[in-house]
Structures are given as C-alpha cells and as structure tokens.
Amino acid sequence: PSVTGAVVFPAWVSPACGTTVMMSPARPPICSCCVSLSGSAGAPPPERGPTQLTLFGAAFAFPLLYGVLRQCGISLKSSCIGAAFYVVLFLGPLRRVMHQSVSFPLTLLALLLFLRFWQKPSTGRAIAAGIPMGILPHIYYWGWTFVFAVAAVLCVLAALRKSLRPRLLPIALLCIATALVALPYFLYAGSLLAQPLAQEAAERSSVIASRGIESGPRSILALTLAACALWILFRRRKDDAILPVLAFALTPAIVLHQQLLHGTVISFATHYYPLICVASLLCALYFWEKKVRSLTGWLAMGICCTFLLAAGFDYSGRLMVHQSDRVYAMQHMGTVYDRLNAEPKEVVLTDLITSLAIASNTRADVVFTEHTRHLLISTKEYAERYCLSSLFNPSLDETWVADILREPSNVGRAREAEMYEERVVIARDACRRVRANPRSFLEQFGVTVLLWNEKEQP
C-alpha cells in the first residue's frame, strides 16, 4: 500500500538472517581500529539532533578546556577568555554527531585528569586518569593518539630533566589502568587487521600503506613550533613548570608525522586540527603571560596564531546552528519509520538517499549506503550492494563506485588511475550479475522489505 508518498511491501524472499550494513558481528567495520564503533551510518535520530549535540559539546568543552589551561599555569581570566574563544571558534565541529560533540569533551577530560595526575601523582589520580585514557581508543583514533603522545612526550621531557624518578610508580599504575581498559579495543583491532580482506577494506577507508606527508605547509609549521619548543626547553633548564606546555607544543609534529614510524597514513590528519588548536591556544597564552618574548617565543606565538586563524577561516561558515533543506525532505516518511520500528528488525532495500534516512531514524538495517565502504568486505561485494540498491534506477551510473572511492589525499594518488579503472570493471561486472539474477542477491543480503520512496524516485 501507499504510505504518505512511499510504498512499503514485504519482499518475495523468505525472511533470512539480516546483514547489518554498518554494525554486524559478522561484518565488523574495518575502521573500528581507527575511528569508532559508534553505530549506524547517517545522521542521528531527531531527538539527538545537531542542536542538542551543540549544546552538549559546548557545555562540556568549555569547563574542561578551562581546566586544562589552568592546570598548565594559565591565569583564571585568560583561561576563561581562551576557552570561550575556542568554543565559539569550533562551534561547527562541536555539533557533529559523536565526533566532535562527544569524543572531544572526552579527550579534554582525559587530558585534564592526566595533567592533574602529573601535578600531584597518586594512586587515585592514576586510576582516575587511566580510565578515560583507556576508553578513548574505543571511541576516536585521533583523540587517543593525541593524548597518548602528550603523555609520552611529557614523560620523556621529565626524564631529560631527571625529574621522572619520583613519578615512576604512579606512572606505572596509570599505564596499567589505561591498558586494562583499552585492551579489548587493541585485541579487536588486531583481529580485524589479521583478516584477509583487511587491506582491501582499509584502502577504501583511506588507510594507506605509505610514509608520505599529507600537507607540506602544515608539517613545516608543526616542525618549526617543535623546534621552538626544544630551544625554549634548552634555555629554561630549571623551569619544570613549563614542561606540560612544551609537551603540547611538540605533540602536533609527532602526530602529524606518525606514519614515519608505523608506515601507514590514516587519512586525514586534519582530524587532529581541533586538538592542534588546543595546543596552539595553550602555548600562545602561556608564552604571552610568562613573557617568553625572545625571537623564538615570538615565532612560536606566531605559528600558534596561524593555526588558530586557519581554523577561523575554515570553520567560520559553520558558526550558526542551522538545518539544510535535506532535513525536511523526508518528512513524508514519518509513518514508514513508525511501521519499521514496530516490526521485527528488517533488512530494507531502497535507494541511496532513503537508505540514510532509514538507518538514521529506525532500527532496521539497510543493504547499502556509501559508508558501506568501511565494512570488512570485498570491493566486489561493495559494488554488488550498490547495484542491488540501484536495481530499479533507470539511470544507473556504473562508475559511481569508482567515483565515490577516489582517494582524495595526496599520498594516495600514486595508484589512483590504476585503482579507478579496476573498480569500474568490478562495478560493471557486479551490476551485470545483479540485473541478471536479482533474486539470488536479495537472498544473499537477507532482504525482507522493499521500500520505494516515490517522492525521491518517482
């Protein structure tokens, strides 16, 4: 029957075991080892929309960032102003689902508790800091690697100053607490990376075996800031209070060039930018307040301001909390959502745009969205899912799979032409087989409901 502009009817395939597109134990997403296990693809349900997430992210980010600045020796007034400036500057990213609205405050909490532990090491503080530091790997790759890098650099700097020995036992407790909480993640990530399809899925997710540099200008700025920090460290040999600040100054250079160590570029390094700007804000405020006015200090402050100005340029258009017209384009699907939520969990076959809406607003599974690229499946199956979801589309674009999987990063362009042609061949072959025998693919992917959105595809 027609339901408010959409047609929902049982598939002629007998109900089978559903294959969850974004979260299936049988098809774990390869990017769980680099991003998160945060749920289905698409936007959040309406009751947890961007406006609410903005309020959540900003409300927690301000006091946590204020605490981080205070722990590093910034005055109360400057900490308040700096935290408020940062939250306004990054109001756009803070309204994004999970990252940064949830993961960023959690990252700040881990930094704050670690800094509190560093100032006064104790068993209680070691456990309190170790828990969020261990949770972060389960949530956000760019968050935990930044926090771990800050902690490691600070320990190295303290060792160089011969002030690490009194902290050795509390640091060991911190490492144990962190490892116990984080261990399930690393075991799971290791099992994923050992799968035969891991490399193929990783390439679709822009995880590239390379030691190339993603951005020359950004690397120059980060390395220059690190050089300034090392010079200031050398000049202020008896000032241990400056060590946390210098650790933040050195960390951007480390995280932006981590591929030199492990040989893998996890695109994109711009995911570090909110945290690099935290480090920039902290260093600029500290150097200004403590009157580090040498040529090196001015250069460091200039680089920090450059990072912050670049963030202002990049995120200035996202300051206003607004909704696009696309948010209202699926209003007619309301009763369809209710029906799908009332039924046992279904596997829905529909068009690409409607699939995102179904994944966002119901507990049903869908056969395909563009985010299926992150599943631990072959590119052949990825193309088959796309072709099946476009089964009734008269203007099927068989090159879409190759177009959407184009590698946008600089380091991945060496094989771009070769991989594009290979994926075009895979997609054309997949679409030919799907159109020749759609029934077998409906059964293969466990489709139980066909949904035709007449407004989206008349």
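You're looking at a predicted model, where local features need pLDDT of at least 70, side-chain atom pairs count only at pLDDT 80 or more, and totals for chains, interfaces and linings use all residues. Residues are numbered from 1 along each chain as its sequence is written, and side-chain values use heavy atoms, with hydrogens and water left out.

**Stop one: Ser-206.** Select Ser-206, in the loop between α7 (198–204) and β3 (207–209); helices (H or I, at least four residues) and strands (E, at least two) are DSSP runs, numbered from the N terminus. Is Ser-206 buried or exposed? Ser-206 is buried, at a relative accessible area of 8%. Ser-206 isn't a glycine, yet its phi is positive, about 60°.

**Stop two: Lys-162.** Now hop to the loop between α5 (141–160) and α6 (168–193), where Lys-162 sits. Lys-162 also has a positive phi of about 60° without being a glycine. With a relative accessible area of 76%, Lys-162 is exposed.

**Stop three: a helix pair.** Select 103–119 for helix α3 and 123–139 for helix α4: they pack at an angle of about 150°, their axes 8 Å apart. Axes are lines fitted to C-alpha atoms, for helices over the stretch in contact, and angles run from 0 to 180 degrees between N-to-C directions.

Want to see who touches whom?

How values were computed: Buried < 20%, exposed > 50% of the residue type's maximum accessible area, 1.4 Å probe, protein only.
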